[in-house]
Every structure is written in C-alpha cells, then in structure tokens.
Amino acid sequence: MKKFFILVKKEIRELLTPQMLIPLLVVVLIFNFVGKIIGKEVKKSQVPQPIEIIDLDRSAVSQSVIEIIKKSNFAPNVTIENKKEEILAQARQKKEKAMLVIPAGFEKGIKNFEPQKIEVYNIMRNFSVTGSRDAAILNAAIAAINEVLSNQLISQAILGKDPGQLKRPVLTNEFVMVGEKTANISAAAVSGFIASQTTFIPIILFLIIVFASQMIATSIASEKENKTLETLLSTPVSRKFIVASKLFAAGFVALITAVVYLFGMRNYMTSMTGGSGTNLDGATKNAIIELGLQFSTYDYVLLGLSLFFGILAALAISFILGSFAQDTKSAQGVVAPLMILILVPYLLTMLLDFSSLSPLVRNLVYAIPFSHPFLAAPSLLLNQYQNVWLGIGYLAFFFIVAVIIASKIFSTERIFTLRLKFKKSNFKIGK
Amino acid sequence: MKAVEVKNLIKTYGDIRAVDGIDFDVNENEIFALIGPNGAGKSTTLRILATILTPSSGEAFVYGNNVRKDPDSVRKLISYLPEEAGAYKALSGMAYLKFMADLYTDDSKKKTEAVEVALRIANLGNRIKDKIKNYSKGMTRKLLLARAVMMKPKLAILDEPTSGLDVINAMEIRKIIRDLSRQGMSVLLSSHNMLEIEFLSDRVGLIHRGKMYEIGTAEELKKEHNAKNLEEVFMATAAINRISL
Ligand SMILES: Nc1ncnc2c1ncn2[C@@H]1O[C@H](COP(=O)(O)OP(=O)(O)OP(=O)(O)O)[C@@H](O)[C@H]1O
Ligand SMILES: [Mg+2]
C-alpha cells in the first residue's frame, strides 16, 4: 500500500508541470481581472448617473417627472433655458449618458388628455452591456413616468376607482405542478431557482471529466515518450498499483483543477451580477419545498455517486485510449472520441428539453454513459430515482469493464505494442 | 542453480521472427554478453527476461522462475536497464533514485544504502540535485545505470550499458559492474563494444537474425576461429554462416 502512495506522489508531481499550471493560473487571473473590472462598472452604474433635463414647462407635472427620474437613480441637471445644442455638447463633454427635453405646454396637454412627447437624447459611446443597460434604466424611468401620470389621469376621470385595477382587470394566480405535487408559485420563479441551483453541476462535471481524461492519457503517453515505462514495469510493483495510482492521481489533479477554475469563474459570475445572490423570499422558498424541488441528503448522495462513477468511467476509458498514444502530442488526439461522448450530453442537457426528444435519440443519449451524471440532477428534482440508480449502475458497469481492459493492457506487453496505425485515409487499431 | 535458462525461445512480431529459437544459460555470478549485428534480437531477448515481453513460444527462467508464468517472482530478483531509457524529467537525480529505491524495498536502511551506492556510481556531484531534464545524455545514462545496480539484484539485465558514455566514464562503469558481479550479482548484457565485452564478460553469445551461432569464453572463441580479437571472431562467424552483416 505504501508503494501505491509513492506512485501517486510521483504521478502528481509529473502532472503538475509548469505547462499545466501556468495556463490554469492565467485563466484564473483573467477571470478575476475581468470580474473585478465588471464589478467596478456595475458599482459605478449604481451611483446616481448624471443626466441633463431641459424643463421648458416649469409646471407641477414637469416637476413630478423630474422627481421620478431622480428616484430611478439619476442625478438630473435641470435647466430651464432652451439651449439644446449647448447642453447636449456639454453633456457629451461631461460624459453624461442622456438628455431629456420636457416641452412647453406639457402640463396643459396632459390635463387635456393630449399625448405629450418628451425628447430623449441617448449619448452612446460604446455598444457594450453596460451601455445598453443605462438606456434600459432610462426607459424604465420613462415607463414609471407614464404609470404615475396615467394613474393621475384615470383617477381624475373616473372618481373613486383604483386606477391600478382599471388598467389590469385580469390578474393571474399561478400554480406549478411537478409530478404529483402542486404549489402556488410562478413558473418563472421555479425555473429561475432550479437554474441557480443546477447550472454549475454540468460545468464542473464537464471540466473534471475533460481534464481527467487528458491527464491520464498524457501520463501514460509521457511514460512512453520519456522511455520510463519499461523501467517502471520491470520493478517489483504490482501493475494494479501502477494502474490505480495513475487513475487516482489524474482524478485528484483534475478535481483540484476544476475547483480552481470554478473558483475563478464564480468570482467572475458574482461580480457580474453585482453580488446579488439567490436569496429567496419566504413564500417562494415554501413553494419550492412543497414541490420537493430541493435536494435532500439522499439526493446529494445519489448525485455524488453519479458524478463519482462518471469520473471513474471517464478515467478508465481514457486510460485505455491513452495506451494507444506513443507520445504526449498524440495523447490529446486519442482522447478526442471521449470528448465528443462528453460534449454531446453536456450540450443536449443544457440546451434541450430532454423529455421532448424522440425515443430513438433519447435512447442513443442514454447509451452514452456520460449522459447519466448530466441527467442526474434534473431527475433527482423530479424524484425519478429509478433513472438515477440505473444510470449509476450503468456507469459502474462501464467503469469495471474499462478497468479490467485497462489492467489487461497494462499487465501484458500490449502496453508497448498497441498503437493506432494511420494508413492513408482509413485507420485501424493494430497490435 | 542457473541465473538464467533459455530454452528454444521464440518471439515473433507478425511475420518478423525477432528471436528464432535460441538456447543459452547464464551461471550464477557470471557476466554473460550477447553480441550481434543490429536487429539480431538481443534487446528482444533481454526484454523477455525482464518480463516486459511475453515469449511467443519456448521457455525462459530466472533463478528457476518462469518469466511467463511467474513474472512477479522474476521482478523481485532482477533489475533491468533498457537500451533507450529515460527518467522522470520533473524529478531531480536524487529524487529519482529515492523513488526507485522505494519501489524495491520498504526497509529504510536498505533504501539509504542503495541510494548511497547509486550516488557513488552515478558520480554526478552536486548535479544530482538538478532536475533530470537538465542532464546530458551521458549523465542520464550514468544515473540510470546506477539505479539499475543499486539494489544489488541477483541478476542485472543491461542492454548496451555504456552506450553514450565517454571512454573514461565507460571504463569506470565497467569496473563497477565487474566488482558487483564478484560480490554475487549475475549479469546479462548486450553490447556492440568488443573491448568492453573482452574486458567484462565471462562468456559470450553470438546472435544473428534471432539465432544463437556461438557460445563460449572470449578465449575459446578466439582460439576456435584463430582470431586475434572478438571483432575477428564476429567477422569469421559471419563468413562461416554466410550471413551478411
Ligand atoms: N515492437 C516491434 N514490432 C515489430 N518488430 C520489432 C519490434 N521490436 C523489435 N522488432 C524487430 O525485431 C528484430 C530484433 O530487434 P532487437 O531490438 O531485438 O534487435 P537488437 O539486436 O537489439 O538490435 P540493436 O543492436 O540495433 O539494438 C528487428 O528486426 C526489429 O525490427
Ligand atoms: Mg538492441
């Protein structure tokens, strides 16, 4: 057993090369850097944005318009002179984002039920996300103005009625049904919650499987390339230990790599959303619980098992594929088929409603072992435990078969004689 | 007991008969050298004895253990230096020696001893703490050779041990191999260096196209072929058997 850990230590040392660590660090730093910058921009747009307003009406109504703009997180600079050109030039110089012109006769027009026009000048300097968000905020402010003014008009015209009710005579009371359970909640709230809970699972899974496969294939190929394999295999160490140590080390390093990437990505994501988490209000939370849409401990255990066996199966299969590689360069190539097998269910489960696929396609996807860990989280939320267990069984079966084949290859001379023979266009697997 | 017994050993790769029915023995404490032209089957024979390859037919034994049926027992008795070998580049020479010693024994005293032996043989001075990727070819070879004999195995299988070494280092290594053999290590090696073989080996096997043509001491072979040195024996054998070298 001691020899196993000695081998694992050596494998990890061989895997953690600068070539592997530097890109990892760079990506994390970039994520962090971009995240910080975006975070700053978001914060900047949270302080009141200066905006120019030319109020040519100078009435109570135009005053209330300005108040609403202020409440929508703008800092208006109000002028009463009609100097559009000058003020616009000023606004541009001061890097302000917009100018509004409230026309003369605004209040009078409104009171006579005549539609009034406010001129809105959007000063665009770039076409980034933050730029369009500012415009959206301004639009929302205009919508709020309309709301307030129309309410005033309605209550003037039809006395004693609630304008809100008049404008929306039909209200909805939404229910969501999941399996047998029903709860009083909107569909949007449910899918928002589920998305916030489960988006990271397929990303982690995808990253770990991809890293692990590449690592194990590289680790075998580099033993061949550096001509260390013959020496290693002539030592009195059980070949099972050698195989196991490679699987273990690759899995371990892949896990760490994925966690580091995720950490970088999470920083990036939270800075994007301005740190607003997914805090649920009490009613929504209760409804989610009522629907059984929260992972129980049992769910987490099953999810963990599914992920675990998914990673093991990927490792063992990559081990076999890696045996075909002669050097580290070809190692990336031999695991390509596996990458496709992982990418297909990853994209399908992300983009499509799996249950709406045709039975043929669905069964094809089920046949890919790596579909099951991706499907586990949604299945668990829908209490389809049987599917999850079947998936775990299928993965375990795949893993065992692959490990048996891998040990066979490693305990015979095949590890030296296996290679892919490329012959013109067609290639075959040769001994 | 014989250190090595090889009986009608055959190894084929598809149509190529790399080893084509050879027989030979290596006695205990003996240094036995395989010589022969490129592609003769020397490395293939050594690989089979090192449990890396499985014979297509025939048998090979190391101290009575069948390499095909009981490779684990064979691996405990041997150490093998492949013809083209490398070491883990991310490790220092020192770390590599310690790692390899760890694979052979759990006894920390034996381990320290083995590493000391290896340090003396590798003779790399301070450079032993350098990463192996910064070593020259000869430095790496010395490290690997030191690794191969540091555990004082019952049988050392050395495929062209001094290839790539300069004259002084090669001479040094030959003396070490001879000393270790006198202390009780059997050696099976291959070489293209006839001087090396005359200096080192107790007996020589001449192999060509997978067949063993001659076995004997250097003296016997020279006398038989009326030759001044092993090189002449090599050429004479080639002429007799009408083999093109
Ligand atoms: N993996 C392999 N696949 C096919 N043929 C092989 C393989 N390994 C060796 N051979 C062939 O077997 C024969 C014997 O090769 P071997 O390496 O044993 O020769 P050698 O005596 O060690 O030669 P050298 O002096 O050049 O090292 C050669 O014809 C070689 O091409
Ligand atoms: Mg050879």
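**Conventions.** I number residues from 1 along each chain as its sequence is written, letter chains from A and number ligands from 1 in the order in which they are written. Because the model is predicted, local features need pLDDT of at least 70 and side-chain atom pairs count only at pLDDT 80 or more, while totals for chains, interfaces and linings use all residues, and side-chain values use heavy atoms, with hydrogens and water left out.

**Sheet in chain B.** I looked up the strand order and found an open sheet of 6 strands, E6-E7-E8-E3-E9-E10 in chain B, with mixed pairing; helices (H or I, at least four residues) and strands (E, at least two) are DSSP runs numbered from the N terminus, and two strands pair if DSSP finds at least two bridges between them. Strand E6 (78–81) and strand E10 (211–216) of chain B each have a single partner strand, so one side of each is left without a neighbour in the sheet. Strand E3 (residues 31–35) of chain B runs parallel to strand E9 (residues 203–208) of chain B, to which 4 bridges join it, and I note Ile35(B) opposite Leu206(B) in E9(B).

**Interface.** Taking contact as heavy atoms within 4.5 Å, I find 22 residues of chain A in contact with 30 residues of chain B. The area buried between the two chains is about 2500 Å², with 58% given by carbon and sulfur atoms; this is the accessible area (1.4 Å probe) that two parts lose on being put together, summed over both. Glu230(A), Ser234(A) and Glu413(A) supply 23% of the area that chain A buries against chain B, more than any other three residues.

**Salt bridges between chains.** I count 3 salt bridges between chain A and chain B, each a side-chain nitrogen of Lys or Arg within 4 Å of a carboxyl oxygen of Asp or Glu. Among them, Glu413(A) pairs with Lys11(B), the closest N and O atoms being 2.7 Å apart. Glu413(A) counts as buried at 14% relative accessibility, and Lys11(B) counts as buried at 4%, where buried means under 20% relative accessible area, exposed over 50% and partly exposed in between (1.4 Å probe, protein chains only). Lys227(A) forms a salt bridge with Glu84(B), the closest N and O atoms being 3.8 Å apart.

**Within chain A.** I also looked up Lys84(A) and Glu119(A), whose side chains meet in a salt bridge (3.0 Å, N to O). Lys84(A) lies in helix H4 (residues 84–93) and Glu119(A) in strand E4 (residues 119–122) of chain A, so the pair ties together parts that are 35 residues apart in sequence.
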